[in-house]
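Here is a short briefing on one structure. Please keep the sequence and the 3D view open while reading.

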Amino acid sequence: MANKILTIKNLTKTYGNNIVFQNIDLSINEGDTVVIIGPSGTGKSTLLRCINLLTKPNGGQIWLDDEEITSKEVNEDNVRQHIGMVFQNFLLFNHLTALENVKLGLVKVKKMDKTAAEAKTFQELERVGLVDRAHHFPGQLSGGQQQRVAIARALAMDPRIMLFDEPTSALDPELIGEVLEVMRKLSLAGMTMLVVTHEMGFAREVADRIVFMEKGSIVEEGSPEDLFNRPKFQRTREFLWKITELYGKKE
Amino acid sequence: MDIIRFIQYIASGTAYTLGVTFVALPSGLILGLILAIIYVYGGKIAARILSVYSTVMRGIPPIVLLFILYFIMSGTINLSPFWAGSISLGVISSAYQMEIIRGAILSVSGGQMIAALAIGMSRLQAIRYIVLPQTLRLAIPPWSNEAAIVIKDSSLVYALGVPEILRRAQLISASTQQPFLAYTTAALIYFGLVLFTNTLLRRLENRLRIPANP
Ligand SMILES: Nc1ncnc2c1ncn2[C@@H]1O[C@H](COP(=O)(O)OP(=O)(O)OP(=O)(O)O)[C@@H](O)[C@H]1O
Ligand SMILES: [Mg+2]
């Protein structure tokens, strides 16, 4: 039986009276790619932020491997090191080159020595195909290139799981492909991934499982095959229709 | 007294003016920097207290504060007028520098901090390696303004008897009956110092500019 990397039980998050999501259960096996889809404002980003401990949930528990990371005794910085996060708007460190962006965590968080860190940095930049852009600053890179550096930066920390929050929604259409390609390879290489995206082509092809969230709860989940061809709920069917209309014209 | 000796007499106060500035500006910077970080990241209570600190310090004429701080200091620790005056000016400047740096911190996008935390950095590391390097670059232009103010305000220590430019101009104007020449000389020296500092800082700003930063 496959190893569970991430287990979420009964997770609830509220802002004041606004319930963002309630009683979310989700688990992810080692090496799997799980795609979350759902309308805007459903709490997908908030869920990822809770997993990464950037936001505190109001109830429920999260385990990374066997460690309960929502427990009070846990060292948050240490946990985040093992969870890679890729943001919609890239969030590269503006004052650092691509190389320095990737290297900084290795030197300051992992305390690697400079030469080893640099070697590892080039390895990661190689993975995303950007060795030739190593000395460029974020402002000198295209959106697609920035996002690939951001992926390399997260990968450099050797995370147990990678979280992607709409990694291609801020990109011009012609740049989306290069980022999805990097993610596809990563998934094939066995990385455990949780991806929020509207890219249905990617979800269909790469996901082991698709989770449909709406209004703060998980409506249904299953293999791409099941969700696209035999959705259990009308809501799922309608959403998939709408999203394919909006984003999937080219496919 | 010939004109050269006249000017030399006033200009020799420049050492004190520079001395006061070199104590006041950096001490104001270090204090202002620490206070700005506490203001932004230290929670509501700290922010409330520092907002009062800022309002009070900036709402009183520097010369009045200088006297108050000077008398507090000379009453408790035995400091020379030079040191007491310089440190007082540094404390006064810290309130202004705190506001400059706070503004710059707030204009660095919050996403930068989040991205730093996301790779496992502690808040302190994120502040040090991600937020501050960007903040300080942004702060150079307004800081250059504050540097000019501190250079000019260094003249206030004349009131404590420190023989800097203004004090000397005043003395020599009284003894030679040449106030116009005396104060014009002083004015030119101050102006030169401010111009020089601003040019230097503009160069620094250009050198540190991040390429193609959006
Ligand atoms: N810091 C916050 N304070 C208050 N409310 C918040 C905060 N962050 C998110 N919310 C609310 O939580 C809800 C879910 O937001 P979230 O960003 O997680 O949705 P999402 O599914 O990622 O949407 P999108 O597809 O637009 O990115 C929204 O109603 C939003 O207004
Ligand atoms: Mg979102």
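Which residues of α2(B) and α9(B) meet? In this predicted model, Thr14(B), Thr17(B) and Leu18(B) come from α2(B), and their partners in α9(B) are Ile189(B), Tyr190(B) and Leu193(B).

**Helix pair α2(B) and α9(B)**

- Helix α2 spans residues 14-41 of chain B, and helix α9 spans residues 179-208 of chain B.
- Their axes lie 12 Å apart, at an angle of about 40 degrees.
- Angles under 35 degrees would count as roughly parallel. α2(B) and α9(B) are therefore oblique to each other.
- The crossing of α2(B) with α9(B) is right-handed.
- Sorted by class, this contact has four nonpolar residues, two polar residues and no charged residues.

**Chain B overall**

- Chain B has nine helices and zero strands.
- Read from the N terminus, its elements run α-α-α-α-α-α-α-α-α.
- Along the principal axes, the C-alpha atoms of chain B fill a box of roughly 70 × 45 × 25 Å.

**Ser122(B)**

- Ser122(B) sits in the loop between α6 (110-118) and α7 (123-153) of chain B.
- Setting aside neighbours within four places in sequence, Ser122(B) is in contact with Asp77(A) and Leu117(B).
- Ser122(B) and Val40(B) are 82 residues apart in sequence, and their C-alpha atoms are 16 Å apart in space.

**Interface between chain A and chain B**

- The contact involves 24 residues from chain A and 22 residues from chain B.
- About 2000 Å² is buried between the two chains, with 67% of it on carbon and sulfur atoms.
- On the chain A side, Phe93(A), Asn94(A) and His95(A) lose the most area to chain B. Together these residues make up 30% of what that side buries.
- The number of salt bridges between chain A and chain B is zero.

**Helix pair α4(A) and α5(A)**

- Helix α4 covers residues 114-127 of chain A, and helix α5 covers residues 143-156 of chain A.
- The two pack at an angle of about 135 degrees, with axes 9 Å apart.
- α4(A) and α5(A) are therefore oblique to each other.
- Their crossing is right-handed.
- α4(A) contributes Lys120(A), Glu124(A), Leu125(A) and Arg127(A) to the contact, and α5(A) contributes Ala152(A), Leu155(A) and Ala156(A).
- By class, this contact has four nonpolar, no polar and three charged residues.

**Helix pair α5(A) and α6(A)**

- The axes of α5(A) and helix α6 (residues 173-188) of chain A come within 8 Å and cross at roughly 20 degrees.
- That angle makes α5(A) roughly parallel to α6(A).
- α5(A) passes α6(A) in a right-handed crossing.
- On the α5(A) side, the residues are Gly143(A), Gly144(A), Gln145(A), Gln147(A), Arg148(A), Ile151(A) and Leu155(A).
- They meet Leu175(A), Glu178(A), Val179(A), Val182(A), Met183(A) and Leu186(A) in α6(A).
- This contact has seven nonpolar, four polar and two charged residues.

**Salt bridges**

- Over all chains, the whole structure has 20 salt bridges.
- One pairing is Arg160(A) with Glu30(A), whose closest N and O atoms are 3.7 Å apart.
- Arg160(A) lies in the loop between α5 and β7 (161-165) of chain A, and Glu30(A) lies in the loop between β2 (18-29) and β3 (33-37) of chain A, so the pair ties together parts that are 130 residues apart in sequence.

How values were computed
Residues are numbered from 1 along each chain as its sequence is written. Chains are lettered from A and ligands numbered from 1 in the order in which they are written. This is a predicted model: local features need pLDDT of at least 70, side-chain atom pairs count only at pLDDT 80 or more; totals for chains, interfaces and linings use all residues. Side-chain values use heavy atoms; hydrogens and water are left out. Axes are lines fitted to C-alpha atoms, for helices over the stretch in contact, and angles run from 0 to 180 degrees between N-to-C directions. Helices (H or I, at least four residues) and strands (E, at least two) are DSSP runs, numbered from the N terminus. Angles under 35 degrees count as roughly parallel, over 145 as roughly antiparallel, 65 to 115 as roughly perpendicular and the rest as oblique. A crossing is left-handed if the near helix is turned anticlockwise from the far one by less than a right angle, and right-handed if clockwise. Contact means heavy atoms within 4.5 Å. Ala, Val, Leu, Ile, Met, Phe, Trp, Tyr, Cys and Pro count as nonpolar, Asp, Glu, Lys and Arg as charged, and the others, Gly among them, as polar. Buried area is the accessible area (1.4 Å probe) that two parts lose on being put together, summed over both. A salt bridge is a side-chain nitrogen of Lys or Arg within 4 Å of a carboxyl oxygen of Asp or Glu.
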